[in-house]
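Dear colleague,

Please find below the structure that I promised to hand over, with my notes following it. I would be glad if you read the notes with the model open beside you.

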Amino acid sequence: MRNKFLTLALVFAVVLGAFSVSFAQEPVKVVWYVGLGAGGQPEQVEAQNQVVADFNASHPDIVLEIQIVDNNVAYDTLSTLIASAAAGGGQAPDIIGPVGADGSNAFAGRYLGLDALIESTGYDLSQFDEAAVEAYRVDGELIGLPFATFPTSIYFRRDLFDEAGLNYPPQVYGEPYVMPDGTEVEWTMDTLREVAMMLTVDSNGADATMDDFDPNSIEQWGFQSQWNEPRGISTMFGASSLVDDNGDAQLPQAWVDAFTWYYNGIWQDHFIPSAAQDGSDLLAAGNAFSSGRVAMAHTHLWYTCCVGTSNTWDLAAMPSHNGVTTAKLHGDTFRILNTTQNPEAAFEVLTYLLGEAAPTLLQVYGGMPARAEQTEAFFATLDATFPQGVNWQVAVDSLAYADSPNHEYNMPNYLKAKDRIGAFQTLYGGDGALDINAELEKLVADLDAIFDEVE
């Protein structure tokens with residue numbers, strides 16, 4: 001009888017143990033949503049899928065799934081997923097990113113505070129610069145952690161400068177530009193304009209400074225603010241905000257200076273392509289600098305993703321305006337939505353993306369690492385891709401000139417306000433007969449009405 005009870009007890013223990021093992025191995029699903037920022041380029045998709053595979057191979061208790069959505073519909077798709085989950089119709093993503101301030105603003109108030117998870121897991125914040133960490137604190141809550149920074153500089157084509165017999169733009173902040181006659185002048189937005197006009201060439205070889213230049217047959221342009229919206233373009237003339245301290249719309253002087261200069265650059269001086277020219281096959285259907293027909297471009301370090309196959313380019317310092325130099329800055333990270341049903345698992349994924357996966361992801365995103373000790377290896381890998389010898393120190397030095405306030409500031413009724421700013425960009429890029437100052441005043445009046453809609 002004793003043996004019988006022992007046998008039954010053993011069987012029960014085995015069954016219970018098997019049940020416990022089965023229960024313990026039931027994985028938690030975490031969904032990573034990509035599309036609000038970088039992540040949609042083919043090489044980025046490939047790298048992200050590999051990160052997911054590597055994570056799942058080493059974390060049997062979590063199943064990480066990636067959802068990649070086209071940037072053009074990513075905002076609306078995420079809004080729908082969140083609303084559906086709130087109504088009991090499915091699961092919203094747990095983690096979004098990479099995403100910067102601009103991509104995050106539309107979902108302000110929907111991010112999980114990380115302080116409790118950091119404390120319970122003992123996650124080491126000292127690996128990051130303290131100021132960089134605190135930049136992600138909103139209303140006392142830490143809602144993100146540093147991952148990648150994307151400084152702005154001037155991309156320029158060495159071969160186009162060489163062909164024109166022009167000196168390269170300065171690669172050290174504070175150094176002058178050397179004009180063709182040998183005189184040294186301050187590297188300002190006015191100097192950039194002058195140089196850009198000499199680099200704008202028509203089909204007969206005349207440049208935009210010459211009397212016989214034909215603006216209807218341009219084959220090479222001197223400058224383009226590449227893939228920047230107006231808030232970013234305005235920073236070339238100083239950091240500012242369209243929102244005043246009371247939450248009303250305002251027109252900063254930087255905007256007046258910037259868009260008078262930029263509009264005239266398109267339609268009067270002709271060294272900047274119009275919207276139609278930018279979208280043409282001649283300029284790679286919207287990726288103008290990659291075509292090899294634009295001499296200088298104002299853009300971020302992330303543009304290494306899409307700079308094209310001609311490795312004739314290098315980096316130069318941002319010009320100054322009224323004695324002030326501004327190099328606008330993007331910073332991307334990953335965020336956990338506060339609707340997640342599995343915050344601990346989501347935090348484990350988050351720290352993996354910021355940690356073990358960071359070298360792979362930073363490379364395809366083109367972002368400087370938040371951890372200083374990873375910077376050298378990051379640029380060494382870029383050197384392997386771009387063997388022409390890019391002066392990456394320019395990007396590092398640009399951090400000292402970051403825009404404050406950052407151009408991706410939040411606005412009331414954010415997406416509608418951003419759409420109105422986008423309409424302004426479409427207008428000035430497509431119509432050469434505007435009163436640009438009147439259009440700026442109308443923009444501010446419209447933004448004021450848009451801001452008031454949420455009060």
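Predicted model: local features only at pLDDT ≥ 70, side-chain atom pairs only at ≥ 80, totals over all residues.

Residues are numbered from 1 along each chain as its sequence is written, and side-chain values use heavy atoms, with hydrogens and water left out.

Serine 240 sits in the loop between helix 9 and helix 10 (253–267); helices (H or I, at least four residues) and strands (E, at least two) are DSSP runs, numbered from the N terminus. Neighbours within four places in sequence aside, serine 240 is in contact (heavy atoms within 4.5 Å) with Ser234, Pro252, Ala254, Trp255, Pro405 and Tyr409.

**Glutamine 226**

The loop between strand 10 (218–225) and helix 9 (230–233) holds glutamine 226, which counts as buried because its relative accessibility is 0%. Once its neighbours within four places in sequence are left aside, the contacts of glutamine 226 are Gly286, Asn287, Ala288, Phe289, Ala297, His298, Thr299 and Tyr303.

**Strand 1 and its partners**

Of the 7 residues in strand 1 (residues 28–34), 5 are buried, so that the strand is mostly covered by the cut-off of under 20%. Strand 1 pairs in the parallel sense with strand 2 (residues 62–68) over 7 bridges, and also in the parallel sense with strand 3 (residues 95–99) over 2 bridges; two strands pair if DSSP finds at least two bridges between them. Valine 28 has isoleucine 62 of strand 2 as its bridge partner, whereas the bridge partner of tyrosine 33 is isoleucine 96 in strand 3. Together with helix 2 (residues 42–58), strand 1 and strand 2 make a right-handed β-α-β unit, which is to say that, with the strands pointing away from the viewer, the path from the first strand over the helix to the second runs clockwise.

**The disulfide**

How many disulfides does a search of the whole structure find? The search finds 1, a disulfide being a pair of cysteine sulfur atoms within 2.5 Å, and this one joins cysteine 305 to cysteine 306 with an S to S distance of 2.3 Å. The torsion about the S-S bond of cysteine 305 and cysteine 306 is about -85°, so the disulfide is left-handed. Cysteine 305 counts as partly exposed because its relative accessibility is 22%, whereas cysteine 306, at 10%, counts as buried.

**Cores and the protein overall**

A nonpolar core is a set of buried Ala, Val, Leu, Ile, Met, Phe, Trp, Tyr and Cys residues joined through side-chain atoms within 4.5 Å. The largest such core has 120 residues, of which Trp32, Phe223 and Met296 touch the most other members. Apart from that core lies another, of 14 residues, including Tyr75, Ile82, Ile96 and Phe107.

The secondary structure of the protein comes to 17 helices and 16 strands, and of its 455 residues 49% count as buried. The C-alpha trace spans about 115 × 55 × 40 Å along its principal axes. Among contacts between residues at least 6 apart in sequence, 74% join residues at least 24 apart.

With best regards

How values were computed: Buried < 20%, exposed > 50% of the residue type's maximum accessible area, 1.4 Å probe, protein only.
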